Amino acid sequence: MTAALSARGLSKRYGTTTALDAVDLDVAAGELVGLLGPNGAGKSTLVKIACGLVRPTAGEAHVAGATAGSRAARASTGYLAELFRFPGWARADEVLALHQRLARSAGGAAEREALLARVGLSGEGGRRMETMSKGMQQRVGIAQALIGEPRLVLLDEPTSALDPGGRRTVRDLLVGLRDQGVGVLLNSHLLSEVELVCDRVVIVDRGRVVTEGRPEDLAAPGGVEVETSEGVRRLPDARREDVPRIVRELVAEGAEVYGVRVVSGTLEDAYLAAVVGRDG
Ligand SMILES: Nc1ncnc2c1ncn2[C@@H]1O[C@H](COP(=O)(O)OP(=O)(O)OP(=O)(O)O)[C@@H](O)[C@H]1O
């Protein structure tokens, strides 16, 4: 199946600043990829190239097989910018109708209602944006990004204004998109969110990909904790496969074992290790 996004050797220079330096990145159809990196790493530049808003200095990007920026590529792309703002006087339905016209979608009222339902805003189409909380506005923004059934959805910090319930709604929605074969590139600083939902994570720093992989593979093992009658013992270098031996030895020594926990590192640990000296 054609990749939702395929970037090869992407470079972008702004004067003497190198924003991207020979980046390769793929988002498969039905894959949720988290794009992480410190401020200024080049994430927005990459997303803007994928949308056709910025031209690369070298390399190329394709969206669903079409050159990024072409009409076909733009028709296959949904985008929610980090700092979006809809007019306060506009009703949610009007915002979506405007974006339907921009995206040349013929979905009409049925598409608008279905999208509002998808982001948990059923029946709120008549509400003015200025009367909505930031979280509700963000959901309208996500609905807008899904107009016209895009093959690639680019979301810049989509859950930053959401409360835990709203985040769960967006996570469920992202999983739904994956099930429909949509590729999602999620730009977020909320690493725990990314860890929960993304199939793969790409970490960029100073314009280059420094680490990539599945969140569970990037998060390094964090040892084993054993609860005995003497309290909790921490064995920082032990791994899951060491657990039976550890328990056997403790029991042979006469200890009572009440619980064993294999500790895994977090994506945050992996992230900080990858961009060490920049964020810490
Ligand atoms: N239009 C521009 N003109 C000049 N320099 C730019 C321009 N856009 C971005 N840059 C520079 O390119 C580099 C990458 O910026 P970019 O916005 O892509 O980073 P980012 O990873 O999205 O950062 P953030 O997390 O802060 O949004 C930075 O050094 C930035 O200052």
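Predicted model: local features only at pLDDT ≥ 70, side-chain atom pairs only at ≥ 80, totals over all residues.
Author: In it, a backbone N or O atom of Ala-41 sits 3.0 Å from an oxygen atom of the ligand.

Reader: OK, and which residue has a polar side-chain atom 2.6 Å from an oxygen atom of the ligand?

Author: Let's go through the side chains. The polar side-chain atom at 2.6 Å from a ligand oxygen belongs to Ser-44.

Reader: How much of the ligand's accessible area does the protein cover?

Author: On its own, the ligand has 640 Å² of accessible area.

Reader: Which element gives the most residues to the shell around the ligand?

Author: Two elements, β2 (17-27) and α1 (43-51), each supply at least two residues of the shell. The shell residues include Lys-43, Ser-44 and Thr-45, which fall within 43-51. With 3 residues, the top contributor is α1.

Reader: Moving on to the open sheet of 3 strands, which are its edge strands?

Author: The order is β12-β11-β13, with antiparallel pairing. An edge strand pairs on one side only, and that applies to β12 (231-235) and β13 (257-264).

Reader: And what angle does helix α9 make with β13?

Author: Helix α9 covers residues 243-252 and lies across β11, β12 and β13. Its direction relative to β13 is about 150°.

Methods: Residues numbered from 1 in each chain as written. Heavy atoms only, no water. Near = heavy atom within 4 Å. Polar contact = N/O pair within 3.5 Å; in protein donor to acceptor, adjacent residues only side chain to side chain. Areas by Shrake-Rupley, 256 points an atom, 1.4 Å probe, with all protein chains shown as cover. Helix = DSSP H or I, 4+ residues; strand = E, 2+ residues; numbered from the N terminus. Pairing = 2+ DSSP bridges. Contact = heavy atoms within 4.5 Å. Axes fitted to C-alpha atoms, helices over the stretch in contact; angles between N-to-C directions.
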